[in-house]
Amino acid sequence: MERDGARISLWQADMPGYVPVSRDFPLELFDVAIIGGGITGLATAVQLQKNGKKCVVVEKSTIGFGSTGGTTAHFNTFFDTTYDQVQKDFGKENAWLLHEAAIEALNTLESNIRDYNIACDFEYKDAYLFAKDKKQAEELDRIVKASQEAGLRIAYSGDILIDRPFEKAALIEQQAQFHPVRYVYALANAFEKGGGVILQGCMMESFDDDELPITVKTSSGVIHSRQLVFATHIPPGLNILHFRCAPYRSYVLAVKLKNDAYPGGLVYDMDVPYHYYRTQRIGGQQYLVFGGEDHKTGHDEDAYSHFGNLETYLGTHFDLEEVSYRWSSQFYEPGDGLAYIGRFPGHSENVFVATGFGGDGMPYSHMAAKLLGDLILHGQSRYEKLFDPGRIKPIAGFSSFVSENADVIKEFIAKRISIEKVENLDELAPGEARIIRYKGEQIAVYRNDSGILMAIDPVCTHARCIVQWNNAEKTWDCPCHGARYTVEGEILTGPATRKLGEIEMDVPAE
(Lines give C-alpha, C1' and ligand atoms only; values in the text may rest on other atoms or scores of the structure.)
Protein backbone atom coordinates (compact mmCIF):
# COMPACT_ATOMS: atom_id res chain seq x y z
CA MET A 1 0.00 0.00 0.00
CA GLU A 2 1.29 3.43 -0.97
CA ARG A 3 0.65 6.61 1.00
CA ASP A 4 0.88 10.32 0.29
CA GLY A 5 4.23 10.76 2.03
CA ALA A 6 7.45 9.12 3.16
CA ARG A 7 6.26 7.89 6.58
CA ILE A 8 4.86 4.39 7.11
CA SER A 9 1.63 4.28 9.10
CA LEU A 10 0.67 1.52 11.49
CA TRP A 11 -1.93 0.32 8.97
CA GLN A 12 0.62 0.01 6.16
CA ALA A 13 2.70 -2.34 8.28
CA ASP A 14 -0.29 -4.69 8.55
CA MET A 15 -1.01 -5.22 4.88
CA PRO A 16 -4.48 -6.66 4.29
CA GLY A 17 -5.38 -8.51 1.12
CA TYR A 18 -6.88 -6.48 -1.70
CA VAL A 19 -6.23 -7.69 -5.22
CA PRO A 20 -7.86 -5.38 -7.77
CA VAL A 21 -9.80 -6.89 -10.64
CA SER A 22 -7.87 -6.60 -13.90
CA ARG A 23 -10.06 -5.13 -16.63
CA ASP A 24 -9.96 -3.01 -19.76
CA PHE A 25 -11.01 0.63 -19.54
CA PRO A 26 -14.84 0.60 -19.30
CA LEU A 27 -16.78 2.14 -22.15
CA GLU A 28 -20.29 1.64 -20.75
CA LEU A 29 -22.57 4.31 -19.26
CA PHE A 30 -22.51 4.41 -15.46
CA ASP A 31 -25.20 5.67 -13.11
CA VAL A 32 -22.62 7.30 -10.84
CA ALA A 33 -18.91 8.09 -11.21
CA ILE A 34 -17.16 8.58 -7.88
CA ILE A 35 -13.84 10.43 -7.84
CA GLY A 36 -11.69 9.27 -4.92
CA GLY A 37 -10.91 5.76 -3.66
CA GLY A 38 -10.71 6.44 0.06
CA ILE A 39 -13.16 5.47 2.76
CA THR A 40 -15.73 8.13 1.73
CA GLY A 41 -15.69 7.17 -1.95
CA LEU A 42 -15.93 3.43 -1.34
CA ALA A 43 -18.55 3.68 1.41
CA THR A 44 -20.64 5.82 -0.96
CA ALA A 45 -20.08 3.41 -3.87
CA VAL A 46 -21.19 0.43 -1.78
CA GLN A 47 -24.22 2.33 -0.46
CA LEU A 48 -25.35 3.11 -4.02
CA GLN A 49 -24.54 -0.38 -5.31
CA LYS A 50 -26.72 -1.92 -2.58
CA ASN A 51 -29.58 0.09 -4.05
CA GLY A 52 -29.04 -1.01 -7.63
CA LYS A 53 -26.78 1.75 -8.98
CA LYS A 54 -23.99 0.92 -11.42
CA CYS A 55 -20.91 2.79 -10.20
CA VAL A 56 -17.29 3.41 -11.12
CA VAL A 57 -14.65 4.62 -8.64
CA VAL A 58 -11.79 6.66 -10.12
CA GLU A 59 -8.64 6.82 -7.97
CA LYS A 60 -5.55 8.79 -8.99
CA SER A 61 -3.22 6.59 -6.96
CA THR A 62 -4.24 3.48 -5.01
CA ILE A 63 -7.09 2.57 -2.68
CA GLY A 64 -6.61 4.25 0.72
CA PHE A 65 -3.66 6.32 -0.56
CA GLY A 66 -4.52 9.58 1.21
CA SER A 67 -6.04 10.30 4.60
CA THR A 68 -7.64 6.84 4.87
CA GLY A 69 -4.16 5.32 5.15
CA GLY A 70 -3.15 7.91 7.74
CA THR A 71 -6.19 8.20 9.98
CA THR A 72 -6.24 6.98 13.58
CA ALA A 73 -9.75 5.58 12.97
CA HIS A 74 -11.64 6.93 15.96
CA PHE A 75 -15.34 6.73 15.12
CA ASN A 76 -17.11 9.33 17.27
CA THR A 77 -20.66 10.52 17.65
CA PHE A 78 -19.29 13.79 19.05
CA PHE A 79 -17.21 16.21 17.02
CA ASP A 80 -14.30 18.65 17.06
CA THR A 81 -16.97 21.33 16.73
CA THR A 82 -18.66 20.60 20.04
CA TYR A 83 -22.43 20.44 20.47
CA ASP A 84 -22.49 23.65 22.50
CA GLN A 85 -20.83 25.45 19.58
CA VAL A 86 -23.24 23.84 17.11
CA GLN A 87 -26.17 24.96 19.28
CA LYS A 88 -24.81 28.50 19.30
CA ASP A 89 -24.18 28.70 15.55
CA PHE A 90 -26.90 26.44 14.10
CA GLY A 91 -29.52 26.02 16.86
CA LYS A 92 -30.51 23.20 19.23
CA GLU A 93 -32.58 21.42 16.59
CA ASN A 94 -29.59 21.14 14.28
CA ALA A 95 -27.33 19.97 17.12
CA TRP A 96 -29.80 17.13 17.66
CA LEU A 97 -29.85 16.45 13.91
CA LEU A 98 -26.04 16.30 13.82
CA HIS A 99 -26.08 13.64 16.52
CA GLU A 100 -28.77 11.69 14.65
CA ALA A 101 -26.58 11.77 11.53
CA ALA A 102 -23.61 10.48 13.53
CA ILE A 103 -25.65 7.57 14.92
CA GLU A 104 -26.81 6.66 11.40
CA ALA A 105 -23.20 6.80 10.20
CA LEU A 106 -22.09 4.41 12.95
CA ASN A 107 -24.96 2.08 12.07
CA THR A 108 -23.91 2.21 8.40
CA LEU A 109 -20.33 1.26 9.31
CA GLU A 110 -21.53 -1.63 11.49
CA SER A 111 -23.98 -2.77 8.80
CA ASN A 112 -21.21 -2.91 6.17
CA ILE A 113 -18.98 -4.89 8.52
CA ARG A 114 -21.79 -7.36 9.19
CA ASP A 115 -23.09 -7.62 5.59
CA TYR A 116 -19.65 -8.21 4.07
CA ASN A 117 -18.18 -10.16 7.01
CA ILE A 118 -15.27 -7.70 7.35
CA ALA A 119 -12.51 -8.54 9.83
CA CYS A 120 -11.32 -5.04 10.73
CA ASP A 121 -11.00 -5.19 14.53
CA PHE A 122 -14.17 -3.16 15.02
CA GLU A 123 -14.86 -2.52 18.70
CA TYR A 124 -17.22 -0.31 20.65
CA LYS A 125 -15.31 1.78 23.18
CA ASP A 126 -16.15 4.33 25.83
CA ALA A 127 -14.51 7.71 25.25
CA TYR A 128 -13.16 10.05 27.93
CA LEU A 129 -12.82 13.82 27.59
CA PHE A 130 -10.89 15.49 30.40
CA ALA A 131 -10.22 19.05 31.56
CA LYS A 132 -6.85 19.91 33.13
CA ASP A 133 -7.77 23.21 34.81
CA LYS A 134 -10.76 25.25 35.94
CA LYS A 135 -11.14 27.12 32.66
CA GLN A 136 -11.27 23.86 30.72
CA ALA A 137 -13.66 22.44 33.34
CA GLU A 138 -16.10 25.30 32.70
CA GLU A 139 -15.88 24.57 28.99
CA LEU A 140 -16.47 20.87 29.69
CA ASP A 141 -19.64 21.74 31.65
CA ARG A 142 -21.01 23.56 28.60
CA ILE A 143 -20.09 20.63 26.35
CA VAL A 144 -21.75 18.06 28.63
CA LYS A 145 -24.99 20.06 28.93
CA ALA A 146 -25.32 20.69 25.18
CA SER A 147 -24.29 17.12 24.30
CA GLN A 148 -26.97 15.68 26.57
CA GLU A 149 -29.53 18.00 24.97
CA ALA A 150 -28.42 16.69 21.55
CA GLY A 151 -29.01 13.10 22.68
CA LEU A 152 -25.42 12.02 23.32
CA ARG A 153 -24.91 9.46 26.09
CA ILE A 154 -22.46 11.48 28.18
CA ALA A 155 -21.97 11.81 31.93
CA TYR A 156 -19.28 12.96 34.35
CA SER A 157 -16.58 10.46 35.25
CA GLY A 158 -14.06 10.07 38.06
CA ASP A 159 -11.65 8.15 35.78
CA ILE A 160 -9.96 8.78 32.42
CA LEU A 161 -8.12 5.41 31.96
CA ILE A 162 -4.67 7.02 31.87
CA ASP A 163 -2.44 8.21 34.68
CA ARG A 164 -2.91 11.94 34.25
CA PRO A 165 -4.02 14.63 36.73
CA PHE A 166 -7.31 16.23 35.74
CA GLU A 167 -9.82 18.75 37.07
CA LYS A 168 -12.97 17.20 35.61
CA ALA A 169 -13.83 14.49 33.08
CA ALA A 170 -16.74 13.11 31.09
CA LEU A 171 -17.47 9.61 29.76
CA ILE A 172 -19.14 9.20 26.36
CA GLU A 173 -20.68 5.78 25.67
CA GLN A 174 -20.87 3.75 22.45
CA GLN A 175 -17.96 5.21 20.51
CA ALA A 176 -15.87 2.95 18.27
CA GLN A 177 -12.51 2.15 16.71
CA PHE A 178 -11.42 -0.12 13.85
CA HIS A 179 -8.64 -0.94 11.36
CA PRO A 180 -9.38 1.51 8.53
CA VAL A 181 -7.36 -0.10 5.75
CA ARG A 182 -8.66 -3.61 6.36
CA TYR A 183 -12.16 -2.13 6.24
CA VAL A 184 -11.67 -0.10 3.06
CA TYR A 185 -9.90 -2.96 1.24
CA ALA A 186 -12.79 -5.27 2.12
CA LEU A 187 -15.26 -2.68 0.79
CA ALA A 188 -13.26 -2.51 -2.44
CA ASN A 189 -13.38 -6.31 -2.79
CA ALA A 190 -17.12 -6.42 -2.08
CA PHE A 191 -17.81 -3.57 -4.49
CA GLU A 192 -15.93 -5.25 -7.35
CA LYS A 193 -17.50 -8.64 -6.65
CA GLY A 194 -20.89 -6.92 -6.91
CA GLY A 195 -20.04 -5.65 -10.41
CA GLY A 196 -18.56 -2.28 -9.49
CA VAL A 197 -15.54 -0.89 -11.33
CA ILE A 198 -12.45 0.56 -9.63
CA LEU A 199 -9.85 2.37 -11.73
CA GLN A 200 -6.58 2.86 -9.84
CA GLY A 201 -3.80 5.02 -11.22
CA CYS A 202 -6.45 6.97 -13.12
CA MET A 203 -6.55 10.75 -12.62
CA MET A 204 -9.63 12.82 -13.34
CA GLU A 205 -8.52 15.73 -15.53
CA SER A 206 -11.80 17.56 -16.25
CA PHE A 207 -15.55 17.06 -16.53
CA ASP A 208 -18.47 18.55 -18.47
CA ASP A 209 -21.88 18.55 -16.76
CA ASP A 210 -23.65 20.94 -19.15
CA GLU A 211 -25.78 18.06 -20.38
CA LEU A 212 -26.37 14.38 -19.57
CA PRO A 213 -24.59 12.10 -19.51
CA ILE A 214 -21.77 13.86 -17.68
CA THR A 215 -18.46 13.49 -19.51
CA VAL A 216 -15.48 12.79 -17.24
CA LYS A 217 -12.07 13.04 -18.88
CA THR A 218 -9.41 10.97 -17.13
CA SER A 219 -5.78 10.11 -17.77
CA SER A 220 -6.94 6.69 -18.99
CA GLY A 221 -9.93 7.69 -21.13
CA VAL A 222 -13.41 9.22 -21.04
CA ILE A 223 -16.12 8.05 -18.66
CA HIS A 224 -19.82 8.80 -19.08
CA SER A 225 -22.15 8.86 -16.08
CA ARG A 226 -25.53 10.23 -15.10
CA GLN A 227 -24.22 11.61 -11.81
CA LEU A 228 -20.82 12.53 -10.40
CA VAL A 229 -19.48 12.51 -6.81
CA PHE A 230 -16.26 14.14 -5.59
CA ALA A 231 -14.94 12.23 -2.57
CA THR A 232 -11.40 13.54 -2.92
CA HIS A 233 -10.91 15.10 0.53
CA ILE A 234 -11.01 18.52 -1.17
CA PRO A 235 -12.43 18.92 -4.70
CA PRO A 236 -9.96 19.58 -7.53
CA GLY A 237 -9.68 22.78 -9.55
CA LEU A 238 -10.69 26.22 -8.30
CA ASN A 239 -14.02 26.61 -6.54
CA ILE A 240 -15.68 28.36 -3.60
CA LEU A 241 -15.06 25.45 -1.21
CA HIS A 242 -11.31 26.15 -1.27
CA PHE A 243 -12.08 29.44 0.47
CA ARG A 244 -14.30 27.73 3.06
CA CYS A 245 -11.87 24.94 4.00
CA ALA A 246 -8.38 25.29 5.49
CA PRO A 247 -5.74 22.50 5.21
CA TYR A 248 -4.10 21.15 8.38
CA ARG A 249 -1.49 18.51 9.20
CA SER A 250 -1.79 16.19 12.22
CA TYR A 251 0.92 13.90 13.67
CA VAL A 252 0.69 10.38 15.07
CA LEU A 253 2.88 7.93 17.00
CA ALA A 254 2.29 4.19 17.47
CA VAL A 255 4.20 3.23 20.61
CA LYS A 256 5.06 0.06 22.53
CA LEU A 257 5.01 0.43 26.32
CA LYS A 258 7.28 -1.30 28.85
CA ASN A 259 4.32 -2.03 31.11
CA ASP A 260 0.71 -2.87 30.30
CA ALA A 261 -0.70 0.64 30.79
CA TYR A 262 -2.55 0.68 27.46
CA PRO A 263 -5.88 2.53 27.80
CA GLY A 264 -8.97 0.39 27.20
CA GLY A 265 -10.91 3.23 25.59
CA LEU A 266 -10.60 6.46 23.63
CA VAL A 267 -9.12 9.42 25.52
CA TYR A 268 -9.00 13.13 24.61
CA ASP A 269 -7.68 16.17 26.42
CA MET A 270 -8.97 19.70 25.84
CA ASP A 271 -5.76 21.44 24.84
CA VAL A 272 -5.62 23.46 21.62
CA PRO A 273 -4.64 21.54 19.58
CA TYR A 274 -5.85 18.56 21.58
CA HIS A 275 -4.13 15.19 22.12
CA TYR A 276 -5.83 11.84 21.61
CA TYR A 277 -5.03 8.30 22.76
CA ARG A 278 -6.21 4.81 21.92
CA THR A 279 -4.94 1.23 21.83
CA GLN A 280 -4.63 -0.97 18.74
CA ARG A 281 -3.62 -4.64 18.73
CA ILE A 282 -2.02 -5.89 15.50
CA GLY A 283 -0.38 -9.30 15.10
CA GLY A 284 -0.55 -9.96 18.83
CA GLN A 285 1.26 -6.70 19.65
CA GLN A 286 -0.45 -3.82 21.43
CA TYR A 287 0.31 -0.23 20.41
CA LEU A 288 -0.59 3.02 22.09
CA VAL A 289 -1.72 5.30 19.26
CA PHE A 290 -1.17 8.93 20.24
CA GLY A 291 -1.66 12.03 18.14
CA GLY A 292 -1.90 15.81 18.01
CA GLU A 293 0.37 18.77 17.22
CA ASP A 294 -2.01 19.98 14.46
CA HIS A 295 -0.94 23.01 12.41
CA LYS A 296 -1.80 24.56 9.07
CA THR A 297 -0.28 22.79 6.10
CA GLY A 298 2.93 24.38 4.86
CA HIS A 299 3.25 26.66 7.90
CA ASP A 300 6.10 24.96 9.74
CA GLU A 301 9.68 24.83 8.51
CA ASP A 302 10.47 21.84 10.75
CA ALA A 303 7.48 19.52 10.49
CA TYR A 304 9.49 16.56 11.76
CA SER A 305 9.94 18.28 15.13
CA HIS A 306 6.28 17.58 15.92
CA PHE A 307 7.07 13.88 16.26
CA GLY A 308 9.70 14.76 18.87
CA ASN A 309 7.22 17.00 20.69
CA LEU A 310 4.69 14.17 20.86
CA GLU A 311 7.29 11.68 22.07
CA THR A 312 8.54 14.05 24.79
CA TYR A 313 4.99 14.80 25.93
CA LEU A 314 4.02 11.12 25.97
CA GLY A 315 7.21 10.09 27.75
CA THR A 316 6.34 12.24 30.77
CA HIS A 317 3.21 10.14 31.39
CA PHE A 318 3.99 6.68 29.98
CA ASP A 319 6.94 4.26 30.24
CA LEU A 320 7.91 4.06 26.56
CA GLU A 321 9.72 1.03 25.18
CA GLU A 322 9.79 1.98 21.50
CA VAL A 323 8.23 4.40 19.03
CA SER A 324 7.38 1.90 16.30
CA TYR A 325 5.70 4.21 13.77
CA ARG A 326 5.57 7.94 13.10
CA TRP A 327 3.34 9.43 10.44
CA SER A 328 1.28 12.49 9.62
CA SER A 329 -1.93 13.09 7.72
CA GLN A 330 -3.97 15.94 6.32
CA PHE A 331 -7.46 17.19 7.00
CA TYR A 332 -9.52 20.20 5.91
CA GLU A 333 -11.11 22.36 8.58
CA PRO A 334 -14.56 23.72 7.56
CA GLY A 335 -15.12 27.45 7.85
CA ASP A 336 -18.24 27.29 10.04
CA GLY A 337 -17.51 24.05 11.88
CA LEU A 338 -19.59 21.51 9.93
CA ALA A 339 -18.69 19.46 6.86
CA TYR A 340 -19.86 20.34 3.35
CA ILE A 341 -21.79 17.39 1.90
CA GLY A 342 -24.31 17.62 -0.92
CA ARG A 343 -24.73 19.27 -4.30
CA PHE A 344 -21.55 20.92 -5.56
CA PRO A 345 -21.98 24.75 -5.73
CA GLY A 346 -21.53 26.13 -9.25
CA HIS A 347 -22.44 22.88 -10.99
CA SER A 348 -25.56 21.06 -12.10
CA GLU A 349 -27.82 19.21 -9.66
CA ASN A 350 -26.18 15.96 -10.76
CA VAL A 351 -22.74 16.80 -9.29
CA PHE A 352 -22.06 16.18 -5.58
CA VAL A 353 -19.21 16.78 -3.15
CA ALA A 354 -18.07 15.78 0.35
CA THR A 355 -15.35 17.85 2.01
CA GLY A 356 -14.39 19.83 5.13
CA PHE A 357 -14.43 16.87 7.53
CA GLY A 358 -11.95 18.42 9.96
CA GLY A 359 -10.58 15.87 12.43
CA ASP A 360 -13.78 13.81 12.18
CA GLY A 361 -13.13 11.99 8.93
CA MET A 362 -14.42 8.60 10.03
CA PRO A 363 -17.97 9.60 11.09
CA TYR A 364 -18.28 12.15 8.28
CA SER A 365 -17.23 9.56 5.67
CA HIS A 366 -20.29 7.46 6.45
CA MET A 367 -22.54 10.45 7.00
CA ALA A 368 -21.56 11.41 3.45
CA ALA A 369 -22.31 7.90 2.15
CA LYS A 370 -25.80 8.04 3.65
CA LEU A 371 -26.56 11.65 2.72
CA LEU A 372 -25.26 11.42 -0.86
CA GLY A 373 -26.96 8.07 -1.27
CA ASP A 374 -30.29 9.61 -0.27
CA LEU A 375 -29.84 12.60 -2.60
CA ILE A 376 -28.92 10.40 -5.56
CA LEU A 377 -31.54 7.70 -4.90
CA HIS A 378 -34.44 9.83 -3.62
CA GLY A 379 -33.58 13.43 -4.50
CA GLN A 380 -33.62 14.55 -0.87
CA SER A 381 -32.17 13.91 2.59
CA ARG A 382 -33.19 15.00 6.07
CA TYR A 383 -29.60 16.24 6.53
CA GLU A 384 -29.13 18.14 3.27
CA LYS A 385 -29.76 21.64 4.64
CA LEU A 386 -27.46 21.16 7.62
CA PHE A 387 -24.50 20.10 5.47
CA ASP A 388 -25.39 21.99 2.27
CA PRO A 389 -22.08 22.99 0.61
CA GLY A 390 -23.76 26.14 -0.68
CA ARG A 391 -25.01 27.29 2.71
CA ILE A 392 -24.29 30.85 3.81
CA LYS A 393 -24.10 31.49 7.54
CA PRO A 394 -23.56 35.23 8.25
CA ILE A 395 -22.41 34.57 11.83
CA ALA A 396 -21.14 31.00 12.06
CA GLY A 397 -17.62 30.74 10.75
CA PHE A 398 -17.37 34.33 9.56
CA SER A 399 -14.31 35.24 11.64
CA SER A 400 -12.70 31.93 10.69
CA PHE A 401 -13.43 32.60 7.01
CA VAL A 402 -11.82 36.04 7.20
CA SER A 403 -8.72 34.91 9.13
CA GLU A 404 -8.08 31.81 7.01
CA ASN A 405 -8.33 33.70 3.74
CA ALA A 406 -6.25 36.59 5.07
CA ASP A 407 -3.64 33.96 5.86
CA VAL A 408 -3.78 32.71 2.26
CA ILE A 409 -3.04 36.24 1.02
CA LYS A 410 -0.22 36.61 3.54
CA GLU A 411 1.38 33.34 2.44
CA PHE A 412 1.03 34.31 -1.21
CA ILE A 413 2.98 37.54 -0.63
CA ALA A 414 5.37 36.60 2.19
CA LYS A 415 6.92 33.58 0.53
CA ARG A 416 7.72 35.65 -2.55
CA ILE A 417 9.70 38.24 -0.63
CA SER A 418 11.50 35.79 1.68
CA ILE A 419 12.98 33.41 -0.87
CA GLU A 420 16.56 32.65 0.02
CA LYS A 421 19.34 33.63 -2.38
CA VAL A 422 21.97 30.93 -2.73
CA GLU A 423 25.18 31.36 -4.70
CA ASN A 424 26.59 27.91 -4.07
CA LEU A 425 24.32 24.86 -4.14
CA ASP A 426 27.00 22.80 -2.42
CA GLU A 427 25.51 24.23 0.79
CA LEU A 428 22.55 21.87 0.34
CA ALA A 429 23.10 18.65 2.31
CA PRO A 430 21.70 15.22 1.28
CA GLY A 431 18.05 14.99 2.32
CA GLU A 432 17.75 18.78 2.54
CA ALA A 433 15.45 21.01 0.51
CA ARG A 434 15.00 24.78 0.14
CA ILE A 435 13.16 27.38 -1.87
CA ILE A 436 15.91 29.53 -3.37
CA ARG A 437 16.62 32.21 -5.90
CA TYR A 438 19.39 30.94 -8.16
CA LYS A 439 20.67 32.96 -11.13
CA GLY A 440 17.51 35.05 -11.10
CA GLU A 441 15.10 32.09 -10.94
CA GLN A 442 12.82 30.86 -8.13
CA ILE A 443 13.60 27.19 -7.61
CA ALA A 444 12.52 24.43 -5.24
CA VAL A 445 15.66 22.33 -4.79
CA TYR A 446 16.06 18.95 -3.10
CA ARG A 447 19.26 16.92 -2.81
CA ASN A 448 18.52 13.22 -2.42
CA ASP A 449 20.51 10.80 -0.27
CA SER A 450 22.72 9.96 -3.26
CA GLY A 451 23.65 13.64 -3.64
CA ILE A 452 21.62 14.21 -6.83
CA LEU A 453 19.89 17.60 -7.12
CA MET A 454 16.22 17.77 -8.11
CA ALA A 455 14.87 21.17 -9.12
CA ILE A 456 11.26 22.18 -9.76
CA ASP A 457 9.18 25.32 -10.07
CA PRO A 458 7.94 26.19 -6.54
CA VAL A 459 4.77 27.93 -7.75
CA CYS A 460 1.76 25.74 -6.93
CA THR A 461 -0.25 25.01 -10.07
CA HIS A 462 -3.52 25.45 -8.19
CA ALA A 463 -3.58 29.12 -7.14
CA ARG A 464 0.04 30.22 -7.67
CA CYS A 465 1.20 30.20 -4.03
CA ILE A 466 4.76 29.15 -3.18
CA VAL A 467 5.11 25.62 -1.82
CA GLN A 468 6.87 24.79 1.48
CA TRP A 469 9.17 21.82 2.17
CA ASN A 470 7.73 19.19 4.53
CA ASN A 471 10.73 17.42 6.11
CA ALA A 472 8.51 14.89 7.90
CA GLU A 473 6.99 13.44 4.73
CA LYS A 474 9.60 14.58 2.14
CA THR A 475 7.01 16.50 0.14
CA TRP A 476 6.37 20.00 -1.19
CA ASP A 477 3.17 21.34 0.43
CA CYS A 478 1.15 24.40 -0.56
CA PRO A 479 0.37 26.64 2.46
CA CYS A 480 -2.68 28.18 0.79
CA HIS A 481 -5.05 25.34 -0.16
CA GLY A 482 -3.09 22.21 0.75
CA ALA A 483 -1.96 20.76 -2.59
CA ARG A 484 1.00 18.42 -2.07
CA TYR A 485 3.72 17.25 -4.45
CA THR A 486 6.58 14.73 -4.56
CA VAL A 487 10.22 15.82 -4.82
CA GLU A 488 9.85 15.34 -8.59
CA GLY A 489 6.81 17.67 -8.62
CA GLU A 490 4.17 14.98 -9.18
CA ILE A 491 0.78 15.57 -7.52
CA LEU A 492 0.23 13.65 -4.31
CA THR A 493 -3.01 15.30 -3.24
CA GLY A 494 -5.26 17.97 -4.74
CA PRO A 495 -6.74 20.43 -5.25
CA ALA A 496 -4.03 20.92 -7.90
CA THR A 497 -4.60 19.08 -11.18
CA ARG A 498 -1.18 19.70 -12.77
CA LYS A 499 2.30 18.77 -11.57
CA LEU A 500 4.94 21.36 -10.70
CA GLY A 501 7.12 22.43 -13.61
CA GLU A 502 10.53 20.84 -14.00
CA ILE A 503 13.66 23.01 -14.07
CA GLU A 504 16.92 22.05 -15.68
CA MET A 505 19.94 23.44 -13.85
CA ASP A 506 23.41 23.91 -15.27
CA VAL A 507 24.90 22.47 -12.08
CA PRO A 508 26.57 19.08 -12.41
CA ALA A 509 25.15 16.42 -10.10
CA GLU A 510 27.65 15.07 -7.58
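Predicted model: local features only at pLDDT ≥ 70, side-chain atom pairs only at ≥ 80, totals over all residues.
- Helices (H or I, at least four residues) and strands (E, at least two) are DSSP runs, numbered from the N terminus.
- Strand β6 covers residues 168–177, and seven of its ten residues are buried, so the rest of the structure largely encloses it; buried means under 20% relative accessible area, exposed over 50%, and partly exposed in between (1.4 Å probe, protein chains only).
- Two strands count as paired if DSSP finds at least two bridges between them.
- Strand β4 (residues 123–131) pairs with β6 in the antiparallel sense over eight bridges, and Tyr128 stands opposite Leu171 in β6.
- Strand β5 (residues 154–157) is also antiparallel to β6, over four bridges.
- Strand β3 (residues 74–75) pairs with β6 in the antiparallel sense over two bridges, with His74 facing its bridge partner Gln177.

**Helix α7**

- Helix α7 has 18 residues (361–378), which at 1.5 Å a residue should span 26 Å, and its end C-alpha atoms are 25 Å apart, in agreement; the expected span is 1.5 Å times one less than the number of residues.
- Of the 18 residues of α7, 15 are buried, so this helix is largely enclosed by the rest of the structure.

**The four-stranded sheet**

- An open sheet runs in the order β22-β23-β24-β25 with antiparallel pairing.
- β22 (468–470) and β25 (491–493) are the edge strands with a single partner each, so one side of each has no neighbour in the sheet.
- Strand β24 (residues 484–485) meets β25 through two bridges, and Arg484 stands opposite Thr493.

**Cysteines**

- A disulfide, here a pair of cysteine sulfur atoms within 2.5 Å, joins Cys465 to Cys480 at 2.1 Å S to S.
- Cys465 lies in the loop between β21 (453–456) and β22, and Cys480 in the loop between β23 (475–477) and β24, so the pair ties together parts 15 residues apart in sequence.
- The torsion about their S-S bond is about -95°, so the disulfide of Cys465 and Cys480 is left-handed.
- Cys465 is buried at 2% relative accessible area.
- Cys478 is in no disulfide, and the nearest cysteine sulfur, that of Cys460, is 3.9 Å away.

How values were computed. Residues numbered from 1 in each chain as written. Heavy atoms only, no water.
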